[in-house]
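Dear colleague,

Please find below the structure that I am handing over to you. My notes on its side-chain contacts come after it.

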Amino acid sequence: MKKIIIAIDGHSSCGKSTMAKELARQIGYMYIDSGAMYRAVTLFCLQKGFFTGDILDRKSLEKEIQNIRISFVKNSETGQFETFLNGENVEKAIRSMEVADKVSIVAAVDFVREAMVKQQQSMGLEKNIVMDGRDIGTVVFPDAELKVFITASPEIRAQRRWKELIDKGEQTTFDAVLSNLAKRDSIDSSRKDGPLRKAEDAVVLDNSHWTLEEQNQKLLELYRERC
């Protein structure tokens, strides 16, 4: 069976990461969450005090961007790949609402995208990876053998995200999460560099009313078709 790159794009909180992780586990591929990379850079900015409200100190970030290294390490207990920022496990920290509220601002910065795309492309040199994000099939791996674009209604995405945050002990409301998703959708789709859009040859999956099992089975079928 040949090695391929699987690029999965889609809106925030549409379940693409969950689906990508499970597909990677089933077929023995490495899973790369490109969104987690931008979240990690956002966390770095927050830790360094580069934000004043929604205003990002771009000059300070540009001086540091080449010193930001993102890696993914497989957890031997869970079997899942976790995000590391300069050698530190930040998987939990990058999932907070504080990071979610600022990540689209950071991800829209041209030199941040350039740096992250270079790191992502280097991760794909050996293929055998599943990567999800906003511009994987259009910018990072335009020649990927399998491209999938996943979407769902804003209300369903917000409900899923809200439940996930509540289960993790975060105090927030459905309306706050829905507002955050609308803000992120707008920034992601309108930014100049690597905007969220469907690749012409991507398979579109609307999973608004699918079970996890149905989603996972469909992705696995698409993978088998390509191999």
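This is a predicted model: local features need pLDDT of at least 70, side-chain atom pairs count only at pLDDT 80 or more; totals for chains, interfaces and linings use all residues.

Aromatic pairs. The count comes to three aromatic pairs. One of them joins Tyr29 and Tyr223 in an edge-to-face arrangement, with 5.9 Å from centre to centre and 80° between the planes. Tyr29 belongs to the loop between α1 (16–27) and β2 (30–33), whereas Tyr223 sits in helix α9 (residues 212–226); the pair therefore ties together parts that are 194 residues apart in sequence. Tyr29 and Tyr223 are both buried.

A further pair is formed by Trp162 and Phe174: the ring centres are 6.4 Å apart and the planes stand at 80°, so this pair is edge-to-face. Here Trp162 comes from helix α7 (residues 154–167) and Phe174 from helix α8 (residues 174–190), so the parts tied together are 12 residues apart in sequence. Trp162 is partly exposed, at 27% relative accessible area, and Phe174 is likewise partly exposed, at 24%.

Charge over a ring. Lys102 is placed over the face of Phe51, and its distance from the ring centre is 5.7 Å.

Cysteines. A disulfide is a covalent bond between the sulfur atoms of two cysteines. Searching the whole structure gives zero disulfides. Cys14 is buried, its relative accessible area being 0%. Cys45 also counts as buried, with 0% relative accessibility.

Yours sincerely

Terms used. Residues are numbered from 1 along each chain as its sequence is written. Side-chain values use heavy atoms; hydrogens and water are left out. A disulfide is a pair of cysteine sulfur atoms within 2.5 Å. Buried means under 20% relative accessible area, exposed over 50%, partly exposed in between (1.4 Å probe, protein chains only). Rings of Phe, Tyr and Trp (its six-membered ring) pair if their centres lie within 6.5 Å; planes under 30 degrees apart count as stacked, over 60 as edge-to-face and the rest as tilted. Helices (H or I, at least four residues) and strands (E, at least two) are DSSP runs, numbered from the N terminus. A charge sits over a ring if NZ of Lys or CZ of Arg is within 6 Å of the ring centre and within 35 degrees of the ring normal.
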